[in-house]
Amino acid sequence: MPPGLDHTWVAPDGAKPAIGTFRFYFDGERWEWSDEVALMHGYQPGTVQPTTALVLSHKHPDDQSAVAQTIENAIATRAPFSSRHRIIDTAGEVRTVVVVADRIVENGEVIGSLGVYVDFTSTVQSEVRSSLDHFVSRVTASRELIDCAKGMIMFVYGLPADRAFDLLRWRSQESNIKLRVLAEQLLADVAGEGPALVANSTRAAFDHLLLTGHTRVRQEDAG
């Protein structure tokens, strides 16, 4: 498994993993998939070397051009990105994923993207709405920091509660910041953006807050 892609999320027997990580290096457009992402696409780990052509070949025809543009923009702007789209695995099964990526920085230079695939194919829309309604009522009653942050991610990315938590936990692990502390920072950042974040409907603005929250956590709170 490539360095930095060593977080493992266990799926039920016979099921595809729900979350996995990847790296994309701009120079030469070199890709690295975690075992989980390979399995999402229908490949046994270690049996295929991902390339831009292979990545795009697995995108749903209706989503392929948009994803290709996202990749081109990432190379051109060196900015974090997110995408919600469909992939088609080797068996022809259509899967719906959310991809969120941060920048890989070496010696002050952005050289690529490090990100996560979240697969929520098995969750039907009625289950999403039911889970979301139940979760929002819990957030209102408890005001737990992690639940509130998870609820924001659910709304912004359209994910069910467990997948939203996986995404928040991934950021905690990658940044080595306690989950509660990172959630508190995310809430403070979103509150600071206030109406502008909602009025502009800028998912990119939320991406930035999610992916950089660890940089604004005080060192004494980070452990």
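Two strands are said to pair if DSSP finds at least two bridges between them. This is a predicted model, in which local features need pLDDT of at least 70 and side-chain atom pairs count only at pLDDT 80 or more, while totals for chains, interfaces and linings use all residues. Residues are numbered from 1 along each chain as its sequence is written, and side-chain values use heavy atoms, with hydrogens and water left out.

**View 1. The whole chain and the confidence of its prediction.** The protein chain contains nine helices and five strands, where helices (H or I, at least four residues) and strands (E, at least two) are DSSP runs numbered from the N terminus. The average pLDDT, which is the predictor's confidence in each residue on a scale from 0 to 100, is 81 for the chain, and 77% of the residues score at least 70. Among the elements, helix α2 (residues 52-57) has the highest mean pLDDT, 98, whereas helix α4 (residues 125-142) has the lowest, 50. Over residues 1-13 the pLDDT is below 50, and it stays under 50 over residues 138-142 as well.

**View 2. The open sheet of five strands.** The strands are arranged in the order β2-β1-β5-β4-β3, with antiparallel pairing. Because β2 (30-33) and β3 (81-88) stand at the edges with a single partner strand each, one side of each is left without a neighbour in the sheet. From one strand to the next the twist averages 25°, where axes are lines fitted to C-alpha atoms, for helices over the stretch in contact, and angles run from 0 to 180 degrees between N-to-C directions. Helix α3 (residues 64-77) lies across β1 (19-25), β2 and β3, and runs at about 145° to β3.

**View 3. The partners of β4.** On one side, β3 and β4 pair in the antiparallel sense over eight bridges, and R86 stands opposite T96 in β4. These two strands form a hairpin with five residues between them, and G92 in the turn has a positive phi of about 85°. The antiparallel pairing of β4 with β5 extends over 10 bridges, with A101 having G115 in β5 as its bridge partner.

View 4. H41 is placed in the loop between α1 (35-40) and α2, and its relative accessibility is 0%, so H41 counts as buried (buried means under 20% relative accessible area, exposed over 50% and partly exposed in between, with a 1.4 Å probe and protein chains only). Not counting residues up to four places away in sequence, H41 touches W33, H58, I87, D89, T90 and Y117, where a contact means heavy atoms within 4.5 Å. H41 and R95 are 54 residues apart in sequence, and their C-alpha atoms are 8.9 Å apart in space.

**View 5. The largest nonpolar core.** A nonpolar core is a set of buried Ala, Val, Leu, Ile, Met, Phe, Trp, Tyr and Cys residues joined through side-chain atoms within 4.5 Å, and the largest one here has 24 residues, with I153, Y157, L159, L167, L168, L186 and L210 having the most contacts inside it. Helix α6 gives this core its largest share, five residues. At least three of the core's residues come from each of domain 1 (19-126) and domain 2 (132-196), bounds that come from an automatic or database domain assignment. Leaving aside residues up to four places away in sequence, L210 touches I153, Y157, L167, L168, R171 and L186.
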